[in-house]
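Thanks for coming, everyone. Let me put the structure up, and then we'll walk through it.

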Amino acid sequence: MLSIKNAKAAYGKIQVLHGLSLDVGRGSVGLFGPNGAGKTTLINTILGLVPLQSGKIVFDFKDVTTRPTHERVRLGISVVPQERELFPWLSVYENLVIGAENTPLGRDDIPQTLEEVYAIFPILRERHGQLAGTLSGGQQRMLAVGRALMARPKLLILDEPSLGLQPSIVHELFNILKEMKERVGVLITEQNVRESLRVVDKGYIIENGRIVLSGNADELASNPEVEKAYLGL
Ligand SMILES: Nc1ncnc2c1ncn2[C@@H]1O[C@H](COP(=O)(O)OP(=O)(O)OP(=O)(O)O)[C@@H](O)[C@H]1O
Ligand SMILES: [Mg+2]
């Protein structure tokens, strides 16, 4: 569904991605690595917010390397950013409806999509009139995921969804992601590798803008280097 080949990207003179390749097919993929490794930058290149110096990005059989962001979104890429970026002064419902903008969906599709998102996150239905800024951290994260789903994406990208959440909420969110991967491709960046490996089918380890290791979830979970560096044994 998504194929990144040899991606290089920089901010000015600072080289961040050094020729990185990654594939998301069916199912879900994790991208793990320390702070500053280039995870968010990679997501921004997938969205077209950071241009590639060289390399190629193919999504859904189309070369999108030089396409503008809004076209990539229309093709079915939806991102839950690391900073949640909700509209705090708008209601839960209004935030969700905004998620359906700039998509091929018609206005008539919105009520049904909304029902589907409410079915996944019942708390959002309960709180539909509440201002987003007054939700708890966990509820805001659910809303951010719900809003991304309102676009009916083919690929859902989540940038560190567990950040700042207590373990039980992380567990709940990851259970939901696990169910969701049956319907939509999922790419997750995470520092919480242990929870993630429960959900993803395969994973990549990124360090200093390079993929240093990849494999299916079982392989990574039993890899001594991954255990030492990321599973805190
Ligand atoms: N807009 C920018 N301008 C200049 N440098 C940037 C910019 N954004 C990121 N960087 C640098 O690029 C490198 C990779 O940052 P990035 O945010 O992609 O890392 P990350 O893996 O997402 O880290 P984290 O786990 O902390 O979110 C860092 O050294 C960072 O300082
Ligand atoms: Mg990041």
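First, a definition: helices here are DSSP runs of H or I with at least four residues, strands are DSSP runs of E with at least two, and both are numbered from the N terminus. Helix 1 is followed by glycine 48, whose phi is positive, near 85°.

Now the ground rules. This is a predicted model, where local features need pLDDT of at least 70, side-chain atom pairs count only at pLDDT 80 or more, and totals for chains, interfaces and linings use all residues. Residues are numbered from 1 along each chain as its sequence is written, chains are lettered from A and ligands numbered from 1 in the order in which they are written, and side-chain values use heavy atoms, with hydrogens and water left out.

Let's start with ligand 1. Which residues come nearest to ligand 1? Of the 13 around it, they are Asn35, Gly36, Lys39, Thr40 and Thr41. "Near" means that a heavy atom of the residue lies within 4 Å of the molecule or strand.

Where does the largest share of that shell come from? Helix 1, residues 39-47, gives three residues. By class, the shell has four nonpolar, seven polar and two charged residues. For those classes, Ala, Val, Leu, Ile, Met, Phe, Trp, Tyr, Cys and Pro count as nonpolar, Asp, Glu, Lys and Arg as charged, and the others, Gly among them, as polar.

Next, the polar contacts. These are pairs of N or O atoms within 3.5 Å; within protein, one must be able to donate a hydrogen and the other to accept it, and residues adjacent in sequence count only if both atoms are side-chain atoms. Threonine 40 has a side-chain N or O atom 2.8 Å from an oxygen atom of ligand 1. Alanine 37 uses a backbone N or O atom, 3.2 Å from a ligand oxygen. Tyrosine 11 puts a polar side-chain atom 3.5 Å from a nitrogen atom of ligand 1. On its own, ligand 1 has 640 Å² of accessible area, and the protein covers 61% of that. Those areas come from the Shrake-Rupley method with a 1.4 Å probe; for residues, only the protein chains shown count as cover.

On to the metal. Ligand 2 is a magnesium ion, and its protein donors are Thr40 (OG1) and Gln82 (OE1), 2.0 to 2.2 Å away. Donors are N, O and S atoms within 2.8 Å of the metal (3.2 Å for Na, K and Ca), and water is not among the atoms, so sites may look incomplete.

Buried or exposed? Threonine 40 counts as partly exposed because its relative accessibility is 29%. Glutamine 82 is partly exposed too, at 24%. Helix 1 itself is mostly covered, with eight of its nine residues buried. Among them are Lys39, Thr41 and Leu42.

Now a pair of strands. Serine 3 lies in strand 1, residues 2-11. Its relative accessible area is 17%, so serine 3 is buried. The side chain of serine 3 makes a polar contact of 3.1 Å with that of lysine 5. Another, also 3.1 Å, joins the side chains of serine 3 and aspartate 23.

Isoleucine 57 is in strand 4, residues 54-59. It counts as buried because its relative accessibility is 0%. Leaving aside neighbours within four places in sequence, isoleucine 57 is in contact (heavy atoms within 4.5 Å) with residues including Ser3, Thr45, Ile46 and Arg72.

Phenylalanine 61 has a positive phi of about 70° although it is not a glycine. Phenylalanine 61 lies in the loop between strand 4 and strand 5 (62-63). At 82% relative accessible area, phenylalanine 61 is exposed.

Arginine 152 also has a positive phi, near 45°, and is not a glycine. Its place is the loop between helix 6 (137-149) and strand 7 (155-159). Arginine 152 is partly exposed, at 36%. Threonine 113, in helix 4 (residues 110-120), touches Arg152, among others. Threonine 113 is buried, at 1% relative accessibility.

That's my tour. Thanks.

Notes:
Buried < 20%, exposed > 50% of the residue type's maximum accessible area, 1.4 Å probe, protein only.
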